[in-house]
Amino acid sequence: MPKITKLSKVNMGKLTENIEKQEAKKGFTKDEDIRIYKPKFKKDGTFTGIIRFLPSLDTDVPYVKTFKHWFLGPAGKWFVEECPTTLGQSCHCCTANSLAWKAGDKDTSRRRMRKLNVFANVLIVKDPQSPENEGKVFLFRFGTKIHEKVLETIKGSDVDEPINIFDPIEGANFKLVIKQVGGYANYDSSKFTSPSKIGTDKEIDTIGEQIFTLSEFLDPGNFKSEDELEEKFNKVEGLKSDAKTETKTTSTPDKDPGDSDEPELNDDFIKQLEEQE
Ligand SMILES: [Zn+2]
């Protein structure tokens, strides 16, 4: 991984205050979290703004990757749960999906698949729809598409120099372009611009004081136990609890939790399965 440049001289008093504010909030899964940036769409459903990714003060890499399931069961009940594979642990839902996929029921597997949520701190540089956000730091939640753009830019290519986009001095702004394609938000036109310094050293200090901690997203307390997940899964999917003996496999994680720091282009479950075919 590239060297993560720490923001210069973070004001610890202010940081502690922010941490306390943050800790006072209940979890991040259920209630609306005002720390998370929500671009406001124009009437035509599009958004264009400029954001700047920032370093992390409490994690080794400047973002955290989490997986989550959210799907509707056959009887109209929702399953919205953090996926324990985030922590490198086995997940009842993922195991059931894998079995369904192997049994040829790809639609069921796709419906229930885990989705990638990546969190990082960002500075809002330009937000024409909500100018009051400009100059403020938010948590930015994004998925596979933007995550790929982040990794490609950090890595560079034959024609592009690598850019540590999280560096406040040598990093680059990100033009966030959201369009609606086929009823879904589409980020294809978003891109990093040329490297530039965020602002003066003093401005960078002020921004550093607003950075949120990221490690809470990996707090085991956010994840239900495998038994609790299994019970809820059976309820949502309308399965009898004895059905669990059929779908339950050993509780040994298929990956050593110590390996959870594996290649960052750790694709979605479906992609992995498709490659296996
Ligand atoms: Zn899962």
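Of the 277 residues of the chain, 26% count as buried, a residue being buried if 20 or more other C-beta atoms, placed from the backbone, lie within 10 Å of its own. The model is predicted: local features need pLDDT of at least 70, side-chain atom pairs count only at pLDDT 80 or more, and totals for chains, interfaces and linings use all residues. Residues are numbered from 1 along each chain as its sequence is written.

Colour the chain by secondary structure to display eight helices and eight strands (DSSP runs numbered from the N terminus: helices H or I, at least four residues; strands E, at least two).

Next, select Leu 54, Val 122 and Phe 140, which touch the most other members of the largest nonpolar core, a set of 26 residues (buried Ala, Val, Leu, Ile, Met, Phe, Trp, Tyr and Cys joined through C-beta atoms within 7 Å). Strands S1 (47-53), S4 (115-126), S5 (137-142) and S6 (172-181) are the elements that give two or more residues to this core. Apart from it lies another core, of nine residues, including Phe 67, Cys 83, Cys 93 and Phe 233.

Now display helix H2 (residues 92-102) with helix H6 (residues 226-237): their axes come within 8 Å and cross at roughly 55° (lines fitted to C-alpha atoms over the stretch in contact, with angles from 0 to 180 degrees between N-to-C directions). H2 is therefore oblique to H6, the class left after under 35 degrees (roughly parallel), over 145 (roughly antiparallel) and 65 to 115 (roughly perpendicular). Select His 92, Cys 93 and Ala 96 of H2 together with Glu 226, Leu 229, Glu 230 and Phe 233 of H6, which make the contact (C-beta atoms, placed from the backbone, within 7 Å).

Terms used:
Buried ≥ 20, exposed ≤ 12 C-beta atoms within 10 Å, placed from the backbone. Contact = placed C-beta atoms within 7 Å.
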